[in-house]
Amino acid sequence: DWSSDVCSSDLFTNQIAAELEARGIKRGERVGILMENVPHWVFALLGILRVGGIVVPLAPALSESSLKRLCTHSDCRLIFCDAQNAAKARSVTQDVIELPSEKLSKANVALSPYQAPRDDETALIIYTSGTTGDPKGVEITSLNLAHEIRGVSENMGIADQHRILSVLPFSHVLPLVANGLGPLCI
């Protein structure tokens, strides 16, 4: 259940969600994330999911032309980025939110009532590496994501005292689930 308090940074996640609502992002619309593996990556993901958006993880190692192709294909409305990837994000679209940002409201923000996603509702569109042709967008549903998080957490035996070092980018599903969301849920 995405509405539960999964981290101590609910306020920041809600600020991101409020910014998305203020920019007119609606349920089912796609929002890209072009960041290194930093906590704000996960906060952006949770904020997007909070408003019912679909997360499009973008690999920072991709060229600008590849990013443009993926963002066009997935119909990204805007991109979250970090300072390291801001220029690349702005070459793809002018609608960019750089995190961390002082521009986000610091106060408790009013959000639309939360609507839990349907099990078959797309949560992520992860692009393949394209080793056998053009990258393909793989839709991961809310239920699939929940099962992946549970499965990885149980199979790896992750406990709250463990510390995770993630060297693979969150734009790939395994590190996102095993190194990002799984430990966060634990």
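**Figure 1. Buried residues of helix α1 in the predicted model.** In α1, the residues F12, T13, Q15, I16, A17, A18 and L20 are buried (under 20% relative accessible area; exposed is over 50%, partly exposed in between; 1.4 Å probe, protein chains only). Their cover includes β1, α2 and β3. Helices (H or I, at least four residues) and strands (E, at least two) are DSSP runs, numbered from the N terminus. The 13 residues of α1 should span 18 Å at 1.5 Å a residue, and the end C-alpha atoms are 18 Å apart, which agrees. The expected span is 1.5 Å times one less than the number of residues. After α1 comes G24, with a positive phi near 85°. This is a predicted model: local features need pLDDT of at least 70, side-chain atom pairs count only at pLDDT 80 or more, and totals for chains, interfaces and linings use all residues. Residues are numbered from 1 along each chain as its sequence is written, and side-chain values use heavy atoms, with hydrogens and water left out.

Figure 2. Helix α2 covers residues 39–50. Of its 12 residues, 11 are buried. Among them are W41, F43, L46 and R50. The buried residues pack against α1 (10–22), β1 (30–34), β2 (54–57), β3 (76–81), β5 (122–127) and α6 (173–185); contact means heavy atoms within 4.5 Å. At 1.5 Å a residue, α2 should span 16 Å; its end C-alpha atoms are 17 Å apart, which agrees. G52 follows α2, and its phi is positive, near 85°.

**Figure 3. I158 in the loop between α5 and α6**. I158 is buried, at 12% relative accessible area. Leaving out residues up to four places away in sequence, I158 touches S153, A178, P183 and I186. I158 and A178 lie 20 residues apart along the chain; their C-alpha atoms are separated by 9.1 Å.

**Figure 4. A nonpolar surface patch.** L165, V167 and L168 make a patch of about 360 Å². Patch residues have over 30% relative accessible area and no salt bridge; nonpolar side chains (Val, Leu, Ile, Met, Phe, Trp, Tyr) are joined within 5 Å, like charges within 9 Å. A salt bridge is a side-chain nitrogen of Lys or Arg within 4 Å of a carboxyl oxygen of Asp or Glu. V167 sits in the loop between α5 (142–156) and α6. V167 counts as exposed because its relative accessibility is 71%.

**Figure 5. Confidence along the chain.** Mean pLDDT (the predictor's confidence in each residue, from 0 to 100) is 87, and 92% of residues reach 70 or more. Over residues 1–8 the pLDDT is below 50; this stretch has 14 contacts in the model beyond near neighbours in sequence.

Key: Accessible areas come from the Shrake-Rupley method with a 1.4 Å probe; for residues, only the protein chains shown count as cover.
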